[in-house]
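Trainee: Please show me the structure, and then let us go through it in questions and answers.

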Amino acid sequence: MRPAPRSPPALLCCCSAGLLLLLLLRWRRWKGFWKKVEAARQRQEEGLDRMEKAVRSFREQHPSVNMVSILSLSLPELSRKLRDGSLPPEHVFYAYLGKALQITRETNCITEYMQESETQLQQARPPGKPGLLYGVPVSIKDSINCQGHDSTLGFVKNINQPMAEDSVLVQVLKRQGAIPFVKTNVPQSLISFDCKNLIFGQTFNPLLYTRTPGGSSGGEGALIGGGGSILGFGTDVGGSLRFPAAFCGICALKPTGNRLSKKGIISGIRGQKSVVAAVGPMAKDVESLALCMRALLCEDMFSLDSTVPPLPFNEEVYSSTQPLRIGYYETDFFTMPSPAMRRAVRETKKLLEDAGHTLVPFEITNVDYVTYNFCIRGMFADGCTSFLKNFEGELERGSMGTLFWLAKLPNCLKAFVSWIAKPFVPRLSNIISSMRTNTVEELWSLHQEIEESCHQFIAQWKKLNLDVMLCPMLGPALGIGYPGKLSVAVSYTMLYNSLDFPAGVVPVTMVTDEDEKELKGYQGYFRDWWDRTLAKAFHGSVGLPVAVQCVALPWQEELCLRFMKEVETLTLKKNQLV
């Protein structure tokens, strides 16, 4: 016999009980989620309290130490004084600890204080000749592994997951005498040029708190830009070193992808090889970056990671004074430069020509194709599966803007939405189309196309007999929240991740009232929602720094730095004459 059907009230009771159980389970899950977040924030605050107590104690015991004079030294000057013994490492450490504390209270850039740095400080003086970075306090991006500390990437699931060992980069830094003392904030997943996550919140630009410091190495940019660190380290898969440096008015170098070891450094999209990631230094001036590269390109680096080519720093190339043959362009014809960006390139070109260098126009083409088909398609070739997997069980996705929601669409829906959008918003259509799942054959074909494109770019470079290239850098710093709406604006930086060329940024000017007036006529090349939004993001930036990009061929970091140094020197001379 069939069981008697349940009455509507009985069914209602069963459904209500099931729903109640589901809500209870979800409530318990989110309660645990927020408990972890609260614990991480508490640990962050306790670390800052320890920093404050340590600084106060030092100042009470050493009232005559002039912290301001220590903070005013450049890294080469500081390093020289530390190594010859004229400046005690303790004085330097606590000077920067105090300044770092001040800057993070203002910008929320530090996620964790490495208390063991105080122990390392006491043991810093090695027998024999000290390393090039002896006694130098350095800051480390969240995603670079440090033993005993989390590398969260802004994900709650990674809280209380301390790393078992230091990354190779941190190991080499320690062997060179450097003292890693803080870890710094990042955007959730790293795939953003803002700097916000649910655990530690928003990091602010030290130059103007309503502006983003850039990302994903945004905590580093804010800390160094505010003077709280003299040398820091970040990563770059689309501009993540260069955006924070440009937005915060400092310098950074993105090396060729494998010039420095990436062993022990966590990527936002693990395993993808189409767009080449790199780890690199950030500092207030170019000479500091050069000193850092001298220290890192050593036998320790090459022996700890045998995949890194054993290429020591080439001092002869960096120190050369021979005139350079420099290619340049003012726009990539994909993202219209702000008036200040265009002026930065023109003024730098003029300074270089007046100094005896030869400037040659370079015709940049197909940046739209590279952006869609090499960069976006390459990073999300698995249909965004790896990217989305990072977000399983996570809440905050706001900093991703529309990118996250587009990524979630199934392939058939991506194709349909792309087709619908094509006549109205062609850039959005191309982005959606580029995020579909590729077959293995398609991915291999893509890699071949990327390789051929790189060779064609180099052939064009060599046909003009160029040494280096002067390029625009997105700027000034955008308002907080805008990067999530403006993923297309990475075209100026991501090109050189696709090509795997070394690229650095140097601040050269500041936004003027005249730039602001010209911005009223900004329409962009596509006159779409993105162009209108970018104009709003640039608005109200008078006084903020604007940088240029300096680019060299693969493995020529020393030549890139030499060019950066030339730009920096000429800019400083010009400013002194004004």
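Mentor: Three residues, the largest share of the lining of the largest pocket, come from α18. This is a predicted model, where local features need pLDDT of at least 70, side-chain atom pairs count only at pLDDT 80 or more, and totals for chains, interfaces and linings use all residues. Residues are numbered from 1 along each chain as its sequence is written, and side-chain values use heavy atoms, without hydrogens and water.

Trainee: Which elements give two or more residues to the lining of the largest pocket?

Mentor: Helices (H or I, at least four residues) and strands (E, at least two) are DSSP runs, numbered from the N terminus. The elements that meet this count of two or more are β6, β8 and α18 (440-463).

Trainee: Is strand β6 largely enclosed or largely open?

Mentor: Buried means under 20% relative accessible area (1.4 Å probe, protein chains only). On one side of β6, Gly 232, Gly 234 and Asp 236 are buried, and on the other Phe 233 and Thr 235 are buried. Five of the five residues of β6 (residues 232-236) are buried, so the strand is largely enclosed.

Trainee: Which residue in β8 is the bridge partner of Phe 233?

Mentor: Two strands pair if DSSP finds at least two bridges between them. β6 pairs in the parallel sense with β2 (residues 137-141) over two bridges, and there Phe 233 is the partner of Ile 140. β6 and β8 (residues 278-283) run antiparallel, joined by five bridges. In β8, the partner of Phe 233 is Pro 281.

Terms used. Buried < 20%, exposed > 50% of the residue type's maximum accessible area, 1.4 Å probe, protein only.
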